[in-house]
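Here are my notes for a first look. Please keep the structure open as you read.

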Amino acid sequence: MKLSHRLEYAGLRVLMSLTRRLAPARASRVGDVLGALVYHVTGMRRKLVMEHMGRVFGMSGDSEELRAMSRSVYRQLGRTAVEHARLLAGRTADLRDRVDVSGEEHIARAREGGRGVILITGHFGYWELLGATVAMLGYPITVVAKQLHNPAVDRLVHAGRERLGMAVATMDKAPAAVFRALRRNECVGLLADQDAGAGGVFVDFLGTRASTYQGPALFALRTGAPIVPCFIIRSGPERHRVCFESPIEAIPTGDEPADIARITQAYTDVLARYIMDYPDHWFWVHRRWKTPAPEDTNHV
């Protein structure tokens, strides 16, 4: 293992050890401080975050309001990092005391068709807890996740997901795992808000065309599984509200590229609405608009 990986893993273990016995309110304050340090001291992708938020919300780069919004993004990420470290450090986790759920009937109705359910979310809020909440509610769920570059951290996070009731499919095994789960009328959790490169479908996202993965729409079209957008919103120290939205039905028209674009735009619009309502919850540090649309050479 690389030295940088060893140091990163050791840092995570230290964070788990130092925060595991804290009260939720104090742990949340530690996360605030951690996020503020990253923002003010390292400045990690701070300029990119401000560029993205400035364009979306129509603010100039020297606006105090824009700086305050971007600081809030880092504080939210700090809280999430500390909360996840504490969750990984615990032997068990009972989510019933920290999660309120609305819209569960949408999953129940979607499963009535017997073709499984595709749960779509983004890097929004404490997204790791969202899949765990679905498992807590009694729905079998397979989540598709990229392998982390650090193998030791990847093993730790993977084990944590399984302990919380999720089956995990890595990207290289995702298609087969997704189809199997949907055939069993189970749930599949997908994150669908990162740049997909030249092979993605371009849809409007927060006012700019963005390359978006075609996989969720293709899975839905080829299996008949409905798509249920879902999101997790922080409501207090280690308190969250999980929201399941109305199903998006994948009805093929015979024009698959047009169907993919239509379905992808539909769930992207739901994600955009949540981001506009809770801007500090989204992962603005990602280069979401990295790939320019064919007729657009101005991008960040």
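1. Start with the largest nonpolar core, which has 26 residues. The members that touch the most others are Phe 205, Leu 206, Ile 275, Trp 282 and Trp 284. Bear in mind that this is a predicted model.

2. Which elements supply this core with at least two residues each? They are helix H3 (46-57), helix H4 (64-89), strand E8 (227-236) and helix H10 (256-277). H10 gives the most, with five residues.

3. Look at Phe 205 next. Beyond its neighbours within four places in sequence, Phe 205 is in contact with Ala 210, Thr 268, Leu 271, Ala 272, Ile 275, Trp 282, Arg 288 and Trp 289. Another core, of 25 residues, lies apart from the one described above. Ala 110, Val 143, Val 168 and Cys 187 are among its residues.

4. Now turn to how H10 meets helix H9 (residues 215-223). The two pack at an angle of about 115°, and their axes are 9 Å apart. The crossing is right-handed. H9 brings Pro 216, Ala 217, Leu 218, Leu 221 and Arg 222 to the contact. H10 brings Glu 256, Asp 259, Ile 260, Ile 263, Thr 264 and Tyr 267. By class, that is seven nonpolar, one polar and three charged residues.

5. Is strand E3 (residues 141-145) mostly covered or uncovered? Mostly covered: five of its five residues are buried. Ile 141, Val 143 and Ala 145 point one way, while Thr 142 and Val 144 point the other way.

6. Finally, check the partners of E3. With strand E5 (residues 187-191), E3 pairs in the parallel sense over three bridges. Here Ile 141 stands opposite Cys 187. With strand E4 (residues 167-170), E3 pairs in the parallel sense over four bridges. Thr 142 has Ala 167 of E4 as its bridge partner.

Conventions
Residues are numbered from 1 along each chain as its sequence is written. This is a predicted model: local features need pLDDT of at least 70, side-chain atom pairs count only at pLDDT 80 or more; totals for chains, interfaces and linings use all residues. Side-chain values use heavy atoms; hydrogens and water are left out. A nonpolar core is a set of buried Ala, Val, Leu, Ile, Met, Phe, Trp, Tyr and Cys residues joined through side-chain atoms within 4.5 Å. Buried means under 20% relative accessible area, exposed over 50%, partly exposed in between (1.4 Å probe, protein chains only). Contact means heavy atoms within 4.5 Å. Axes are lines fitted to C-alpha atoms, for helices over the stretch in contact, and angles run from 0 to 180 degrees between N-to-C directions. A crossing is left-handed if the near helix is turned anticlockwise from the far one by less than a right angle, and right-handed if clockwise. Ala, Val, Leu, Ile, Met, Phe, Trp, Tyr, Cys and Pro count as nonpolar, Asp, Glu, Lys and Arg as charged, and the others, Gly among them, as polar. Two strands pair if DSSP finds at least two bridges between them.
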